[in-house]
Every structure is written in C-alpha cells, then in structure tokens.
Amino acid sequence: FQSQPEVEWPAELVSSIEDPVRPGEFVIDLSTPGNRGLAAGTVELMVERCAAEGFDAVEFDNLDTFVRFDNLGFGRAEAIEYATTIVGLAHVRGLAAAQKNTVELLDVDLGFDFAVVEQCGEYDECGLFSAVYGDLVYDIEYTDAGLSAACAALDDAPTVTLRVDDRYER
C-alpha cells in the first residue's frame, strides 16, 4: 500500500503523498481498477520471489493507509479489493499471508491466515486480533508496559516479542 525504497514501483502508481513517519515511503495510488491491477502485478513479482526462495509466508504492510491519509482518491472498498487480490497471489503460490496491524479491517474476511502486529498490548488491541486469528497473532512490543499488556492479553503466548533498539527478546 506504500512504496519501499528497495522496491521499484511503476512511476504512475507512486503518489506524491509521503508518509511523515516513514520518510521515503509514498502511498501507492489504488484509486482505479487499472492501478490496483498494476500494483498487484508489482506485488506478484515479490511474492513469486519469496516462493522461489522457500519462504512459508508473506506479510503485507500498510493496509491502513486509507485511514491515515486524506484525499487519497481511494478508501476502504478499494483497500479491501486490493488486499483480497494480493492475499490470493500468495495462496496460489502455496504461501500463507499475514495481516499486518490494521484493526480497521478485522471485520472483513480478506483471506489472511495469521496476523503480525505491532504494539497490540500498548494500544489494547490484542483481543481484537486474537478474536479473529486465535493463537496465530505474532506481536512485537517496544516497551515493557506494552509487553506486559500483550502477554496478559495473549495468555503469555510465545508469539510476543519485545524489541529494544535492534535487539529482540522473548
């Protein structure tokens, strides 16, 4: 849903809307069926590479772009359509697909197999994800308070990780 510096996107898809939290990342324009198809083709190449390299799963990030920016030209319906398409790209290649964050899409079955979330303890969202994905919620926390909350909410699941700087602790 947003460009990444290491991925070359078709220029006509990269909007001028830059993520202020992630400098160098720009919103992918998903406003038309043609744009969503072209974007899916770009993601398909990445998914194919993951499958060829023996990965078991892929994670799609920035699913919540439609709620974080104004005047995108697309919204929830287009995000749902696109997400469903790229999940299908993973599945036809035998890869599981993870939903990354985005509580705004938990009420829709997009075909994701599990969730990778950040700070569900910090934001009191772990229960929302576990209601949909059960034990298949992998959470990364950045504070001790968030870690405690996530461990309590996810029953001390071994899928909760504390990230401190560039170190990870379980």
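Reply: Helices and strands are DSSP runs, helices of at least four residues and strands of at least two, numbered from the N terminus. Please note that the model is predicted. In this model, α1 (33-52), β3 (57-60) and α3 (76-91) each supply at least two residues of the lining of the largest pocket. The largest share, 5 residues, comes from α1.

Me: What makes a residue part of the lining of the largest pocket, and which residues lie nearest its centre?

Reply: A lining residue has an atom within 4 Å of a point of the pocket. For the largest pocket, 20 residues line the space, and Gln-4, Met-46, Glu-59, Phe-60 and Asp-61 lie nearest its centre. The volume of this pocket is about 460 Å³. By class, its lining has 13 nonpolar, 3 polar and 4 charged residues.

Me: How much space lies in the second largest pocket?

Reply: That pocket holds about 360 Å³. Its lining has 17 residues, and Asn-101 is one of those closest to its centre. The lining divides into 5 nonpolar, 4 polar and 8 charged residues.

Me: Why does Asn-101 count as buried?

Reply: Buried means under 20% relative accessible area. Asn-101 has 18% relative accessibility, and therefore counts as buried. Asn-101 lies in the loop between β4 (96-100) and β5 (114-118), and has a positive phi of about 55° although it is not a glycine.

Me: Why is Asn-71 called exposed?

Reply: Exposed means over 50%. The relative accessible area of Asn-71 is 76%, so Asn-71 is exposed. Asn-71 lies in the loop between α2 (65-68) and α3, and its phi is near 55°, a positive value in a residue other than glycine.

Conventions: Residues numbered from 1 in each chain as written. Predicted model: local features only at pLDDT ≥ 70, side-chain atom pairs only at ≥ 80, totals over all residues. Heavy atoms only, no water. 1 Å grid on protein atoms, 1.4 Å probe; cavity = no way out; pocket = protein on both sides within 12 Å on 5 of 7 lines; lining within 4 Å. Points joined across faces, edges and corners; volume = space filled by probe spheres on them. Nonpolar A, V, L, I, M, F, W, Y, C, P; charged D, E, K, R; others polar. Buried < 20%, exposed > 50% of the residue type's maximum accessible area, 1.4 Å probe, protein only.
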